[in-house]
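Colleague: Could you walk me through this one? I would like to begin with the backbone and then move on to the ligand.

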Amino acid sequence: MNILVSGGAGYIGSHTVRALLKAGFTPIILDNFSRGHRESIPDGITTIEMDIASPEVVNILQRYNIKGVMHFAAHSQVGESMMNPSIYYENNVVGSYKLIESARKAGVNHFVFSSTAAVYGEPKEVPIKETSPLTPTNVYGRTKLIIEEMLSDYSSIYGSTYVALRYFNAAGADESGLIGEDHTPETHLIPLVLEAAMGKRPHITVFGTDYNTPDGTCIRDYIHVSDLAEAHVLAMNYLIKGGESRVFNLGSGNGFSVKEIIETAKTVTGIDIPVVYGERRAGDPSTLIASSEAIKDVLGWNPTHSELSQIIGDAWKWHEEHPNGFGNKKDIH
Ligand code: UFG
């Protein structure tokens, strides 16, 4: 069964392509390669270099007899979204609208959408449930919320069905060590800590030590990218079997502070990572922890890779074997 994976050459998309293959689906990748990596695509996978907004997407969906769309293609940096909102509205909102509309025209009725915990903004309750207030505090989160609303409108008006997955902090890498996180610029904590361990950066800066948390640093819910990928496959199966449209959080339900991440990374790598304590980063909520009970109940999702030491261990394997990401592998002489 053919599934179109927009952004299939990106971090979470490329891991989901592998999960789809394992589950017996045929992923067809749609990526404009503005931020994705060709090297992340397994051999033999049909890959179409095209923007999600292209009117040609209708033909692609029909030509490949696509049963469902997994939509990852998006800009995803909070800081960038606050400096350059137009590319977020253009690429995320307008691009997604065009893709959703192409799917409608082609008669493709199932969508699994890559959403984010950023739709909640500053949380009013922890753990955060899907019913918690939706008050995004940045443009990135708002664009994802608008797309969720678009999918909801299309679902009620046209009868298509979707699952929106609100990820908390995606981290880790495929346990093969062949693919992993490679963003330019990198802004996420775990890859930055590991780059400091490798000596690619002089140190890791902790953004703020005066939060209202036990050790004063921000707490996040880190979820292994392979567990995220698995959730997408479960969601697509659920929709294909006739499941109704749903929104689910995806997190491990465990919170770790920035200091705890650094300490675990020191243990996993055996390296005394240099740390500098700095100011708060604007817009960071102190604590984000997911309630993921709904997806466990409805889809039977069971995260099996999300022990913190495994998340960091798998990320470390990727970083060690690919010190320059996809651009330059250690084994190329
Ligand atoms: N942090 C540091 N130093 C760094 C980088 C990050 O101390 O050099 C801290 C941040 O302040 C934060 C934590 O590490 O407390 C995690 O930061 P990340 O940038 O890795 O992740 P965020 O929690 O900011 O963002 C994640 C996703 C976003 C999503 C957001 C939802 O990456 O896509 O969660 O709130 F929008």
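Colleague: Where is Phe-33 placed?
Modeller: In this predicted model, Phe-33 sits in the loop that runs between strand 2 (26-31) and strand 3 (47-49).

Colleague: And what is phi of Phe-33 near?
Modeller: Phi of Phe-33 is near 60 degrees, which is a positive value in a residue other than glycine. For background, most residues other than glycine have a negative phi, and most peptide bonds are trans.

Colleague: On peptide bonds, then: is the one from Val-126 to Pro-127 cis or trans?
Modeller: The bond from Val-126 to Pro-127 is cis, with omega near -5 degrees, and Pro-127 belongs to the loop between strand 5 (110-116) and helix 5 (139-158). Thr-184 and Pro-185 are also joined by a cis peptide bond, where omega is about -5 degrees.

Colleague: Where is Pro-185 found?
Modeller: Pro-185 is in the loop that lies between strand 7 (169-171) and helix 6.

Colleague: Let's stay with helix 6. At what angle does its axis cross that of helix 10?
Modeller: The axes of helix 6 and helix 10 (residues 308-321) come within 10 Å and cross at roughly 55 degrees. Because of that angle, helix 6 counts as oblique to helix 10.

Colleague: Is the crossing of helix 6 and helix 10 left-handed or right-handed?
Modeller: The crossing of these two helices, helix 6 and helix 10, is right-handed.

Colleague: Changing topic, how many residues surround the ligand?
Modeller: There are 21 residues around the ligand, and the closest of them are Leu-189, Thr-205, Arg-220, Arg-281 and Asp-284. Sorted by class, the shell has 12 nonpolar, 6 polar and 3 charged residues.

Colleague: Which element gives the largest share of that shell?
Modeller: Strand 8 does, with 4 residues. Helix 6 (189-198) and strand 8 (204-207) each supply at least two residues of the shell around the ligand.

Colleague: What lies 2.8 Å from an oxygen atom of the ligand?
Modeller: A backbone N or O atom of Phe-207 lies at 2.8 Å from a ligand oxygen atom, and an N or O atom in the side chain of His-188 is likewise 2.8 Å from an oxygen atom of the ligand. For Thr-187, a backbone N or O atom is 3.4 Å from an oxygen atom of the ligand.

Colleague: How much of what the ligand exposes when taken alone does the protein bury?
Modeller: Taken alone, the ligand exposes 690 Å², and the protein buries 90% of that.

Technical notes
Residues numbered from 1 in each chain as written. Predicted model: local features only at pLDDT ≥ 70, side-chain atom pairs only at ≥ 80, totals over all residues. Heavy atoms only, no water. Near = heavy atom within 4 Å. Polar contact = N/O pair within 3.5 Å; in protein donor to acceptor, adjacent residues only side chain to side chain. Areas by Shrake-Rupley, 256 points an atom, 1.4 Å probe, with all protein chains shown as cover. Nonpolar A, V, L, I, M, F, W, Y, C, P; charged D, E, K, R; others polar. Axes fitted to C-alpha atoms, helices over the stretch in contact; angles between N-to-C directions. Parallel < 35°, antiparallel > 145°, perpendicular 65-115°, else oblique. Left-handed = near helix turned anticlockwise from the far one by under 90°.
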